[in-house]
Structure formats: C-alpha cells, structure tokens
Amino acid sequence: MGRHEQREQIFRLLFQIEFHEPKDMPRQMRLFVEDSEEIRTQQEADLIEARCQAVREKVPEIDKLIEENVKGWDTSRMGKVELTVLRLAVYEMRYDEDIPTGVAINEAVEIAKMYGQENSGSFVNGILGKIVKLGD
C-alpha cells in the first residue's frame with residue numbers, strides 16, 4: 001500500500017471520531033481494520049492505527065490552529081469531511097517531519113475533492129495556505 005492509499009485509509013478512520021465516543025474508538029479502529037479490503041497486512045494496519053491515534057491525541061491543538069485561521073467558522077460548523085482532512089493535513093504539516101508541507105496540502109486537497117462537496121478542495125487549500133503562512 002502506497003502513502004496515498006495509507007493516507008486515505010487514515011482519513012476514513014479519522015472521519016469516524018466525529019460519530020463515536022472517544023472510549024469507543026479503539027474498538028472502532030479494530031473493526032475498521034478488520035473490515036477493510038484495502039488493508040492487507042498487519043504492518044499496514046498497525047501503521048494506520050498508530051497514525052490515527054497520533055492525530056487524535058493532537059486534535060485539541062490542531063482544532064485551535066484551524067480556528068485561528070478561519071473567519072466566521074469554527075470547527076463545530078465545518079463539514080465533517082473538511083474538518084477531518086484539515087486535521088490530518090495539519091498533523092502532517094506540524095508534527096510529521098517526513099512529509100513535506102506541499103505534499104500534505106496537495107494530498108489534503110485531493111481527498112477533500114474526492115470525499116467532500118464541490119468547493120471542499122478550495123476551502124481546505126485556503127485554510128492550509130493560511131496556516132503555512134503563519135508558520136513562516
């Protein structure tokens with residue numbers, strides 16, 4: 001499984017945190033991995049679960065950063081797809097030194113276009129662009 005496919009699986013798993021209690025997420029993560037036809041090895045499953053958990057642990061910090069960079073929005077009003085994509089991308093930009101910022105942004109925009117609404121890609125791109133400028 002390539003990095004793009006891993007990222008998409010991480011996104012799909014992270015998306016579930018919006019619909020489940022935190023205490024239920026370990027079980028949901030196991031079920032997701034067991035039911036996924038795309039995740040073929042235990043190594044892939046472990047990587048996806050570990051990355052999802054790492055992002056989940058940073059959600060309060062990530063959401064604060066997102067809210068500081070949008071006007072007239074807060075995370076509770078954002079679409080679940082867009083919020084999940086933003087959380088994953090911000091995590092990659094801020095906490096994962098192995099992923100270049102440009103790659104994190106491009107991948108986030110592609111996932112937003114694939115799973116979100118018509119303007120999701122540009123919405124995500126705009127917010128991530130502001131966050132990048134903040135970090136300069």
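Helix α4 gives the most to the lining of the largest cavity, with 4 residues. Helices here are DSSP runs of H or I with at least four residues, strands are E runs of at least two, and both are numbered from the N terminus. The model is predicted, with local features needing pLDDT of at least 70 and side-chain atom pairs counting only at pLDDT 80 or more, while totals for chains, interfaces and linings use all residues. Residues are numbered from 1 along each chain as its sequence is written, and side-chain values use heavy atoms, with hydrogens and water left out.

**Cavity**

- The structure holds 1 cavity of 30 Å³ or more; a cavity is a set of points, on a 1 Å grid over the protein atoms alone, where a 1.4 Å probe fits but cannot get out.
- The volume of the largest cavity is about 30 Å³, taken as the space filled by probe spheres set on the points, with grid points joined across faces, edges and corners.
- Its lining consists of R7, V85, L88, A89, E92, A104, A108 and I111, where a lining residue has an atom within 4 Å of a point.
- The elements giving two or more residues to this lining are α4 (80-95) and α5 (101-115).
- By class, the lining of the largest cavity has 6 nonpolar, no polar and 2 charged residues; Ala, Val, Leu, Ile, Met, Phe, Trp, Tyr, Cys and Pro count as nonpolar, Asp, Glu, Lys and Arg as charged, and the others, Gly among them, as polar.

**α1 with α3**

- The axes of α1 (residues 3-15) and α3 (residues 42-67) come within 9 Å and cross at roughly 55°; axes are lines fitted to C-alpha atoms, for helices over the stretch in contact, and angles run from 0 to 180 degrees between N-to-C directions.
- This makes α1 oblique to α3, since angles under 35 degrees count as roughly parallel, over 145 as roughly antiparallel, 65 to 115 as roughly perpendicular and the rest as oblique.
- Q6, Q9, I10, L13 and L14 of α1 make the contact with L47, I48, R51, C52, V55 and R56 of α3, contact meaning heavy atoms within 4.5 Å.
- This contact of α1 with α3 has 7 nonpolar, 2 polar and 2 charged residues.

**α1 with α4**

- α1 and α4 pack at about 125°, with axes 9 Å apart.
- That angle makes α1 oblique to α4.
- On the α1 side, R7, I10, F11, L14 and F15 meet K80, V81, T84, V85, L88 and E92 in α4.
- The contact of α1 with α4 divides into 7 nonpolar, 1 polar and 3 charged residues.

**α3 with α4**

- The axes of α3 and α4 lie 8 Å apart, at an angle of about 95°.
- The two helices, α3 and α4, are therefore roughly perpendicular to each other.
- The contact of α3 with α4 divides into 12 nonpolar, no polar and 7 charged residues.

Technical notes
On a 1 Å grid over the protein atoms alone, a cavity is a set of points where a 1.4 Å probe fits but cannot get out, and a pocket is an open set with protein on both sides within 12 Å along at least five of seven lines; lining residues have an atom within 4 Å of a point.
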